[in-house]
Each structure stands twice: as structure tokens, then as C-alpha cells.
Amino acid sequence: MLILAIVVALLPQLPVSTNAAASAYFQFNDFSTESTSPTEVNSNVIDVAGTFSNVSSSTITYKIEKLVYKSTNADGTINYDVAESTIGSTRPVITGTSAFMFAGVSIYDGLNRITVSGANSSGNIIDGQAYV
């Protein structure tokens, strides 16, 4: 797992467009899924909680990315670069059959993208994103 995190960190940073629709697999309790209206928080440590469906609970992970403005397309879509990234090292607390929580997650100053990922029954990795 550590080797995977190091390899991912060494990959070139590509421009990021954040015009994606809300995930059908992950829903967040307290955070916006729109990069244009991120949830304001007053701390660099947060709890990331929500629900999941059609995902194996044992495969759920998270990643935090600090986004910085790059450009705006003619259609108004804002593009960001990933300035910093952290892959979570803890497993979520699963409550019932469909609720998850990562406690004490450190985030960066500025705009953060939280990506929660997991594998569906076909083994495909799917994710949901929130912005703070």
C-alpha cells in the first residue's frame, strides 16, 4: 500500500476539471459536491462521513488534494491543478450496512477535493468527490 502511494505521488500532475456530477455510489453528509461552492470549514482537521451503495465496505479509501486555479473555459468550467495530494492511511468506521466515517482527516489550506473510492461488485474502482 505504501509503495502504491509513493508511485501515485510521483506521477505527473495533470490539469483537473471539476465539473463532474455527484456520485451515485457515495454521498457526503456535510460537504458540497460542487467545486464552485465548496463547504467552508474552520479547521484543518475534519471528519469525512457519508453513505455508500453498491460498494464493498472493505475497499473504501480516501484521498485529499489541494486544488489551485489554472484557467476557465469558454463555457465557464473552471480547471484546477493539483498542488498537493495525500492518500489516507486509515480505514473508515462503517456503521450499519451503508454509512462510513473517516475521523480526524487533515486537509490543506485553500480549496480541497476529497475523493472517497471503493470497488463495486465487478471490481471496478468508483469514487465520489466533495469540496471544502
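**From a loop to the core**

Leaving aside its neighbours within four places in sequence, Arg91 is in contact (heavy atoms within 4.5 Å) with Ser58, Thr59, Ile60, Thr61 and Phe102. The model is a predicted one, in which local features need pLDDT of at least 70 and side-chain atom pairs count only at pLDDT 80 or more, whereas totals for chains, interfaces and linings use all residues. Residues are numbered from 1 along each chain as its sequence is written, and side-chain values use heavy atoms, with hydrogens and water left out.

Arg91 is found in the loop between strand 5 and strand 6 (93–95), where strands are DSSP runs of E with at least two residues, numbered from the N terminus. Although Arg91 and Thr59 are 32 residues apart along the chain, their C-alpha atoms are separated by 8.7 Å. A polar atom of the Arg91 side chain also lies 3.4 Å from the backbone oxygen of Ile60.

Strand 5 (residues 78–87) pairs with strand 4 in the antiparallel sense over nine bridges, pairing being assigned if DSSP finds at least two bridges between two strands. The two strands form a hairpin with five residues between them, and Gly76 in the turn has a positive phi of about 95°. Within this pairing, Ile64 stands opposite Thr86 of strand 5.

A search of the whole structure finds two salt bridges, each defined as a side-chain nitrogen of Lys or Arg within 4 Å of a carboxyl oxygen of Asp or Glu. In one, the closest N and O atoms of Glu65 and Lys63 are 3.7 Å apart; in the other, those of Arg113 and Glu65 are 2.7 Å apart. The latter pair links distant parts of the chain, with Arg113 in strand 8 and Glu65 in strand 4, 48 residues apart. Glu65 counts as buried at 7% relative accessibility, and Arg113 is likewise buried at 6%, while Lys63 is partly exposed at 26%; buried means under 20% relative accessible area, exposed over 50%, and partly exposed in between (1.4 Å probe, protein chains only).

The largest nonpolar core has 20 residues, of which Phe26, Ile46, Val48, Phe100, Phe102, Ile114 and Val116 touch the most other members. Such a core is a set of buried Ala, Val, Leu, Ile, Met, Phe, Trp, Tyr and Cys residues joined through side-chain atoms within 4.5 Å. Leaving aside neighbours within four places in sequence, Val48 is in contact with Phe28, Phe31, Phe100, Met101, Phe102, Val105, Ile114 and Val116. Apart from this core lies another, of five residues, including Leu67, Val82, Leu111 and Tyr131.

Technical notes. Helices (H or I, at least four residues) and strands (E, at least two) are DSSP runs, numbered from the N terminus. A polar contact is a pair of N or O atoms within 3.5 Å; within protein, one must be able to donate a hydrogen and the other to accept it, and residues adjacent in sequence count only if both atoms are side-chain atoms.
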